[in-house]
Amino acid sequence: MPAVSKGDGMRGLAVFISDIRNCKSKEAEIKRINKELANIRSKFKGDKALDGYSKKKYVCKLLFIFLLGHDIDFGHMEAVNLLSSNKYTEKQIGYLFISVLVNSNSELIRLINNAIKNDLSSRNPTFMCLALHCIANVGSREMAEAFAGEIPRILVAGDTMDSVKQSAALCLLRLYKTSPDLVLMGEWTSRVVHLLNDQHMGVVTAAISLITCLSQKNPDEFKTCVSLAVSRLSRIVSSASTDLQDYTYYFVPAPWLSCKLLRLLQCYPPPEDGAVKGRLVECLETILNKAQEPPKSKKVQHSNAKNAILFEAISLIIHYDSEPNLLVRACNQLGQFLQHRETNLRYLALESMCTLASSEFSHEAVKTHIETVINALKTERDVSVRQRAADLLYAMCDRSNAKQIVAEMLSYLETADYSIREEMVLKVAILAEKYAVDYSWYVDTILNLIRIAGDYVSEEVWYRVIQIVINRDDVQGYAAKTVFEALQAPACHENMVKVGGYILGEFGNLIAGDPRSSPLVQFNLLHSKFHLCSVPTRALLLSAYIKFINLFPETKSTIQEVLRSDSQIRNSDVELQQRAVEYLKLSSIASTDVLATVLEEMPPFPERESSILAKLKKKKGPGAVSVNELEEGKREGELNGGGERGGDNSGIAASNASTPSPSADLLGLRTVPPVAAAAPSAGSLLVDVFSEAGVNDDGFLRDLEPPTESSDSLLAEGPGDSDSAPPSAVSEDPAPPLPESNELLNKFVCKNNGVLFENQLLQIGIKSEYRQNLGRMYLFYGNKTSVQFVTFTTTVTCPGELQSQLNVQTKTVEPLIEGGAQVQQVINIECLTDFLDAPLLNIKFRYGGALQNLTLKLPVTINKFFQPTEMASHDFFQRWKQLSQPQQEAQKIFKANHAMDTEVLKAKLLGLGMALLENVDPNPENFVCAGVIQTKAQQVGSLLRLEPNAQAQMYRLTLRSSKDTVSQRLCELLAEQF
């Protein structure tokens, strides 16, 4: 309740409150309240007019009754009448009643608004503040419509009292949060920003809350606040505690204002002005220096205020991510807090270091604290601190310390709190996969994970180990041996049985030579777990059994006996019954060849981004993982429960996913093999082989089928698909192509996917597909920093004659790329006639205020439009002789740039796009190829002959085409590949 003067104590209110408190029961209280309500109602309806004091007293009683939880359905008009009083206490009670009891739909709102307008125009600072407080407390849309235009005028007026300015700023902030479309600053913008220079610190503190909120929605309009905020921060940081006496809190000058200034600066990139940036860096260094000074007070309030400023400063340093010295100093300061006795400080230090670990400048500094973080994981009492320690270990992990961190996390997992076990399991699985060089270590780790925390191992985790084992020949035998040994444990988790059933069903033959793991022993081991498992696992095991019949014919009778048993073919579960019946019939009537075809080994899965990573991102929530958000979820197929993949699936159903987003490798392209059949590299395994998202080969070829009437229709743009840059884009001229453009172009002559360009800021990846004279290219632009790229624009141009040779159309790319995020751009290409040059890709964006402008050559070369042509030996040499004119042949003899590996040569020639013809050349060491280049104007037949001389480490490359320019260009491109 509001304070009242001694002579205005409202004795009747005090007596009523005392009576309520003295009530012995709920019934007595209700009886006394009803009596008082009847008395107040009679007073309000009586003929005698009440004076202001009486109205105030009765309105206060109604307010007290409402706060006790009883409904009040009268007295509102009397409260509104109090607003017109000239006495402060009466007006205050009126506003208080309205703020609490009047809703925005009340019929009295117009009367209330009129009273508020009168007070706002009265120039009485006390009445103005009461009115502003009421507007902020109600905060309705009607209030915003009535006063959103008036309050900014009061805020910036020169004759407005400081206390009123504070109230006006906070009132405007409240209205902006509830109705942002009605609060339009417009002409007031610059004057509101200049409140940061106000002499009254209270006004500055209130104004900065408003400016921060406005800046988050309209950064460009308020960007002038950066220099003023830096100036004000500099004055506070460099001042002594005695300089700002009224705003010094336990020897810390203006801590709340300092935190708000630092938070405001996080809405913007680093200042472009060198002087302002230098001053800001000095401020941040001073804050870090003060953190090292001995405390001026032992009170906890002093350390809290000091640390609040420090953590906001560190957040700003992390946000800028451009000052290596400050980032390392911040990391060292946080490292000191890791062993602080205060739990909250340890928590905040771990949380901030997680972000620092993602910066290239401070990652190594964070790694120096690995032992302290591991100790925190083991010894912290608070589970939330242990969880942050696990997050930090995950963030600081790289190839140099992966085995140590994974081992420590596995060790901790045995005693970890149940609430964080699932997340820990996902992190261990991701790290093991991401940094696996020795895949036997990866298999051991995942199986150990299932053994330790099987209940928390989601389907995504054991799906992944299956996928990787199937995709890597070198680990299949080891996986079969290891899982066989793991299944021999008396108590075996069901997830281990699933993995064991799948791997032994596919690769049990690799260990069948050992009598200890003979086919019958493997089957008996698996079947001993059968009765303990759930229905989906039993379904998987039945699929494994039918696979055994194909791998080991000697087990056929034993397995048929199991399938024929009543517990299977008369099973109450329809899925199990159907499988048993169908598998029994298949094994009985199918010939060996048919059985081998239907049950052949699973083919390698296509590479996609990791569904484990998607699961972790979904669990952590948006914003918890700095790299881009995936669209919601992946719909996992039930293993051995849904439909089968083709006919040779041992029960795994593909899961669908939304468009993949990047993991550690922003684009997931570093591991794309040069040839479709090649195994994935050991660099990164975070790809989802169950996902159907991304560039689907079959679907892509369907999209690229030539149109029936005109090829132009494929490239026709829909609305908004223009490649013109948006009006807000930077207008500087495109930069000349990078010196290494030709070298980057040559990398893609024999492949279609990969990373085209990468520097400290940006990664550009490509996935492309071509069909006849049409092509489609997906460009992925990845922001490797934690700072936004703004005004991001791309332009594709065809220089000179290329304009009439290629038709290139692009879709507009998103102008804003968040830190750690990636955007995609689609480019459609039509080859009109043969060409020599490549299109130019110009990229412009602003990073930290500085313009980045670079130009690359798009890897579109004439060989991309090859149609492979198979030929017999006779046809090849007949055609070779027909192309015997001098201008149709291009020949080059050159020294080998790489090792002369036959398989690599074949892969590159296949990547070129031509058909590699076997047993055609009389010399088996030579390679010959044939293909037709498809353009809209004509078709150009081409033949190739490559003659390696291993002794001299030389090649002779000969190309013959029906068009001389094509022969020359192909010869130039290919000579760089070998």
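**Entry 1: backbone angles**

I began with Arg-123, which sits in the loop between helix 6 (109–120) and helix 7 (125–138). The model I am reading is a predicted one. For Arg-123 I found a phi near 65°, a positive value in a residue that is not glycine. I noted this because most residues other than glycine have a negative phi. Is Arg-123 buried or exposed, or partly exposed? Its relative accessibility is 36%, so I wrote it down as partly exposed.

I then looked up Ala-254, in the loop between strand 2 (252–253) and helix 14 (255–265). Ala-254 has a positive phi too, near 40°. Its relative accessibility is 5%, under the 20% limit, so Ala-254 counts as buried.

**Entry 2: aromatic pairs**

I searched the whole structure for aromatic pairs and got 21. One of them joins Phe-789 and Tyr-847, edge-to-face, with 6.0 Å centre to centre and 85° between the planes. Why does this pair tie together separate parts of the chain? Phe-789 belongs to strand 8 (residues 789–797) and Tyr-847 to strand 11 (residues 840–847), so the parts it ties together are 58 residues apart in sequence. Phe-789 and Tyr-847 are both buried.

Phe-876 is buried at 0% relative accessibility. Trp-880 is buried as well, with a relative accessible area of 10%.

**Entry 3: charges over rings**

I checked for charged side chains above aromatic rings. Arg-41 lies over the face of Phe-74, 4.1 Å from the ring centre. The charged end of Lys-751 sits over the ring of Phe-748, at 5.2 Å from its centre.

**Entry 4: salt bridges**

Side chains of opposite charge can pair when their charged atoms come close. How many salt bridges are in the whole structure? My search found 34.

I took Lys-427 and Asp-391 from among them; the closest N and O atoms of this salt bridge are 1.9 Å apart. Lys-427 is in helix 23 (residues 418–434) and Asp-391 in helix 21 (residues 383–396), so the bridge ties together parts 36 residues apart in sequence. Lys-427 and Asp-391 are both buried.

Next I looked up the salt bridge between Arg-464 and Glu-433, at 2.3 Å from N to O. This pair also links distant parts of the chain, with Arg-464 in helix 25 (residues 459–471) and Glu-433 in helix 23, 31 residues apart. Both partners came out as buried: Arg-464 has 1% relative accessibility, and Glu-433 has 0%.

The salt bridge of Glu-485 and Lys-481 is listed at 3.1 Å, N to O. Where do these two residues lie? They are four residues apart in helix 26 (residues 473–487), so about one helical turn separates them. Glu-485 is partly exposed, with a relative accessible area of 43%. Lys-481 is partly exposed too, at 44%.

Terms used. Residues are numbered from 1 along each chain as its sequence is written. This is a predicted model: local features need pLDDT of at least 70, side-chain atom pairs count only at pLDDT 80 or more; totals for chains, interfaces and linings use all residues. Side-chain values use heavy atoms; hydrogens and water are left out. Rings of Phe, Tyr and Trp (its six-membered ring) pair if their centres lie within 6.5 Å; planes under 30 degrees apart count as stacked, over 60 as edge-to-face and the rest as tilted. Buried means under 20% relative accessible area, exposed over 50%, partly exposed in between (1.4 Å probe, protein chains only). A charge sits over a ring if NZ of Lys or CZ of Arg is within 6 Å of the ring centre and within 35 degrees of the ring normal. A salt bridge is a side-chain nitrogen of Lys or Arg within 4 Å of a carboxyl oxygen of Asp or Glu.
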